[in-house]
Amino acid sequence: MDKIIICKECFKSNYIKEHIAHNVEITVDKCIICNRHNGIDLMKNEKILEMITNLIAYNYSLLEYSRNFGMAISTRFGNIFGEDNPIFNGKLNDDIGITLFKNIKTTKSSVVDHWTLPFKFVKSSVLIRLEKELSKKNYYEVIDDYMEIIKKHLSKVILNELEDDELYRARIGFNTKIVDAEGDLENRKISFPYIKDELEAPPPMKASSGRFNKLGCSFLYLASDKETAIAEIKPDPGQICSVGTFKIIEKKQFIDLRKRAIDSIPVEDGLETKNLIDSFARLFSEAVPKEETHKYFVTQFLSEIFRTLGYSGIMYDSPQNDGEGYNVICYYPDMFRLIENSEEMFKIEKVKYKISDALFDERKKYKYFEFKNEEDRKKYGEEDY
Ligand SMILES: [Zn+2]
């Protein structure tokens with residue numbers, strides 16, 4: 001078999017770079033991409049071929065890269081290691097690219113969605129199964145099983161202490177009270193923010209259920225900045241909100257599901273954990289419309305697992321504030337203290353909407369299909385998409 005010599009520097013993945021630095025013998029041959037450094041022989045490194053396989057599955061759908069679908073698709077796909085590939089800093093020529101591709105093992109994936117989606121967009125099968133089971137069984141009948149599964153994966157997740165000492169919490173509304181003011185002939189009405197316990201987490205008996213807490217569980221929901229804190233409570237334009245600043249008094253470990261933390265979980269090391277944690281992060285950061293709060297059932301269940309496993313809470317990117325800020329959910333409200341006199345009021349001037357890229361028109365998914373319903377067929381089915 002021919003050699004394929006690549007140097008450490010020509011891999012994009014820091015994980016692979018590290019692996020080469022510590023575990024792989026460098027040959028006397030020069031790298032075929034940069035022609036500057038001595039490289040390793042890829043064909044002799046099962047481990048690195050496996051990491052490349054994982055990276056390919058993460059970035060492309062099975063339909064795109066699998067050679068099991070016959071020549072037509074492989075030919076269309078061409079050289080996966082060509083221009084702008086996710087593996088190398090530079091490209092391999094077509095012959096070498098195709099030779100390398102033939103030597104990597106196609107992921108044997110039982111995940112149906114991966115046929116049409118890269119793994120980075122596939123919902124974890126653990127999460128799919130969990131949603132199904134929770135729709136049929138009580139949470140306490142299944143929680144032990146999931147605790148075991150999730151514990152195993154969480155050992156690879158980034159746990160962080162909060163880097164910000166001060167966080168914010170908002171509530172729609174403010175106080176108006178009548179006062180007897182000096183010099184006024186009549187009683188005067190004054191406005192001021194909610195203060196003290198009006199801004200703190202409610203006592204458990206009064207806690208309504210939320211994205212992460214069940215009814216009667218009082219968690220503290222905080223955000224990294226005032227705008228995020230306000231956006232999270234979804235006020236309408238014209239409404240006034242009160243905001244308080246909270247200081248952390250006890251540093252503990254939180255599960256960090258923010259994008260930058262998740263990006264550092266290596267997909268090279270295995271797709272399963274990466275896929276599950278990606279799915280958690282998407283679930284937590286997904287905006288849920290006011291009338292679909294039954295979706296909170298799954299996030300509440302996961303929250304219960306994290307808490308039982310000993311974590312103090314979760315950090316995740318805010319779905320409301322365009323990825324600018326992040327949210328903190330803390331299972332133990334006493335870990336924070338509202339800073340005295342930090343309470344302020346803000347008026348909502350306008351609410352911004354952000355839309356996704358245009359969603360895929362699924363009529364384009366199948367080459368041949370017919371609408372079941374006669375009328376649908378007439379109305380939607382005649383054109384060529
Ligand atoms: Zn190189």
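Mentor: Happy to! A nonpolar core here is a set of buried Ala, Val, Leu, Ile, Met, Phe, Trp, Tyr and Cys residues joined through C-beta atoms within 7 Å. Buried means that 20 or more other C-beta atoms lie within 10 Å of a residue's own, while 12 or fewer make it exposed and anything in between partly exposed; the C-beta atoms are placed from the backbone. Keep in mind that this is a predicted model, where local features need pLDDT of at least 70 and side-chain atom pairs count only at pLDDT 80 or more, while totals for chains, interfaces and linings use all residues. Numbering starts from 1 along each chain as its sequence is written.

Now to your core. It has 35 residues, and Tyr-168, Phe-219, Leu-222, Ile-314, Val-328 and Cys-330 are those with the most contacts inside it. At least two of its residues come from each of strand 4 (166–172), strand 7 (220–223), helix 8 (226–232), strand 8 (240–248), strand 9 (254–256), helix 10 (271–285), strand 10 (313–317) and strand 11 (326–330). These elements are DSSP runs numbered from the N terminus: helices are H or I with at least four residues, strands E with at least two.

Leaving aside residues up to four places away in sequence, Tyr-168 touches Leu-222, Ala-223, Asp-225, Lys-226, Ala-229, Val-243, Thr-245 and Phe-246. A contact means C-beta atoms, placed from the backbone, within 7 Å. Another core, of 33 residues, lies apart from the largest one and includes Ile-4, Cys-31, Leu-62 and Ile-104.

For context, the protein is divided into domain 1 (5–119) and domain 2 (159–347), with bounds from an automatic or database domain assignment. Their centres, taken over C-alpha atoms, are 42 Å apart. Nine residues from domain 1 and seven residues from domain 2 make the contact. Helix 2 (46–59) and helix 1 (14–23) each supply at least two residues of the domain 1 side, and helix 2 gives the most, with five residues.

How far to trust all this? pLDDT is the predictor's confidence in each residue, from 0 to 100; its mean over the protein is 86, and 92% of the residues reach 70 or more. Among the elements, strand 13 (residues 344–347) has the highest mean pLDDT (97) and helix 4 (residues 71–77) the lowest (50).

Technical notes
Contact = placed C-beta atoms within 7 Å.
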